[in-house]
Amino acid sequence: MKSLFIIFIFSLFLPLFLNAKTEVLANAYEAKVMAKVKEEKSDKLRLEILLEAAKSEKAGAAIFFNTANLAAGLSDFKTALEFYKKALNLEPEFYLAKRNLAFLYYKEEKYEEASAYFAEALRLSNDDVLGISEAFASALISLKRYDEALTILENALIFDGKNLNLMRSKAFCLKETGQYDRLEKYAKYVLNLYPDEAVFWRLLARINLEKNNANSAIANLEALKKINAANAEDMILLGDVYLSLNLFSKALDAYKNQKISDDKSVRIAKYLIANSAISESKKILENLEKDSAKYWEIDALILKAEGKNSKESFEKSYKKDPLNAFIALSLADIALAEKQVESAKIYYKLAMKDYRLQSFVGLANVEILDGNYKAALKILKEANLEFNSKEIAKFIFDLEGFSDAQR
């Protein structure tokens, strides 16, 4: 006579198994073995008892299944895999064996195998549809099979439409499959249920930025601030959006106390200077490492924008970073304005690697300053061959006319 077999789920294995139903019956031999296992306190000794018992011809799916569970709990993947498959050889429709084997593969990051067994488990039972679906979708996402994952998640949400983990994964799949209109509507739906769910405010912000809807993106990012969920990346992005709208004070408020790289600080400062926001650019200057090349570069640009002598600051920057072509170009322009012919030539040639057109024009102007019109024309014609510029062509035309008039 068979007795109902109690499946032992050992503490080290996945807790999701605890809610699953028993599907196999134990024979008298197996029931006796399991009684002995239950009395043993050491999991290692329990496994030894089960492994020995599994050698008997009387051992069936129940013994094999429990051996696999205990081996899995002890992180013995090879043994667990062997005995789950032995159980399935005897009971091909054994739901819990398929389910636990799927989780075993998932834990070992063998996502193809895990997905196959998750699908089989869902075919057999809905007993743990949410736990299986969440892991199944995660496995599919790891395999970049986003459409399939989305189907699994939407089916699971029928059973629990307010499960946040499933909702987050669904949103991710909508994003990865490019379904931005659906994603936008879904994010708003979730936020109506969970207004403090930061992930969805971030998603909406990025969707609005993709749609060039800066004001809505700002509203989304400000919502993150309101719920105290804005991280450094959010605040820097908020500052960038305000900056793009030339709302400089708000941008600086967002940037305040955030760790911004010197390279980004330089870009922000240059943008502010170009838009005549000099006082704001000075605040960015304070964030740069003192006495660094970038510090002196921005200091020089601020002085230049204020109509002050910037040469010394540019020279300090160049001394610390002699490969900076922009600084070389700036010093070349200063040297040209001061009629320092040789210095201008040196700096324009150094700037040539990144600023070829400006350097060609600058070198031509140096030759003109020195009265060498023929040399200037040669430089400009070389530049025009490379850039085919209307402005250069006009420069050549005007210079040829001037040169002829001088003869």
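Start with the largest nonpolar core of this predicted model. This core takes in 133 residues. To get your bearings, select Phe-94, Phe-200 and Ile-298, the residues with the most contacts inside the core.

Stay on Phe-200 for a moment and show what surrounds this side chain. Which residues does Phe-200 touch, leaving out those up to four places away in sequence? The list runs Met-167, Arg-168 and Ala-171, then Tyr-186, Ala-187, Val-190 and Leu-191.

Next, select residues 232-244 and 248-255, helices α13 and α14. Their axes lie 8 Å apart, and the two helices pack at about 170°. With an angle over 145° counting as roughly antiparallel, that is why α13 gets this label relative to α14. From α13 you'll want Met-235, Ile-236, Leu-238, Gly-239, Asp-240, Tyr-242 and Leu-243. Facing them from α14 are Phe-248, Lys-250, Ala-251, Ala-254 and Tyr-255. Colour this contact by class and you get nine nonpolar residues, one polar and two charged.

Now zoom out to the whole protein chain. In cartoon view, there are 23 helices and two strands to find.

Last stop: colour by burial. Of the 407 residues, 47% are buried. And if you draw contacts between residues at least 6 apart in sequence, 50% of them link residues at least 24 apart.

Terms used. Residues numbered from 1 in each chain as written. Predicted model: local features only at pLDDT ≥ 70, side-chain atom pairs only at ≥ 80, totals over all residues. Heavy atoms only, no water. Axes fitted to C-alpha atoms, helices over the stretch in contact; angles between N-to-C directions. Helix = DSSP H or I, 4+ residues; strand = E, 2+ residues; numbered from the N terminus. Parallel < 35°, antiparallel > 145°, perpendicular 65-115°, else oblique. Contact = heavy atoms within 4.5 Å. Nonpolar A, V, L, I, M, F, W, Y, C, P; charged D, E, K, R; others polar. Core = buried A, V, L, I, M, F, W, Y, C linked by side-chain atoms within 4.5 Å. Buried < 20%, exposed > 50% of the residue type's maximum accessible area, 1.4 Å probe, protein only.
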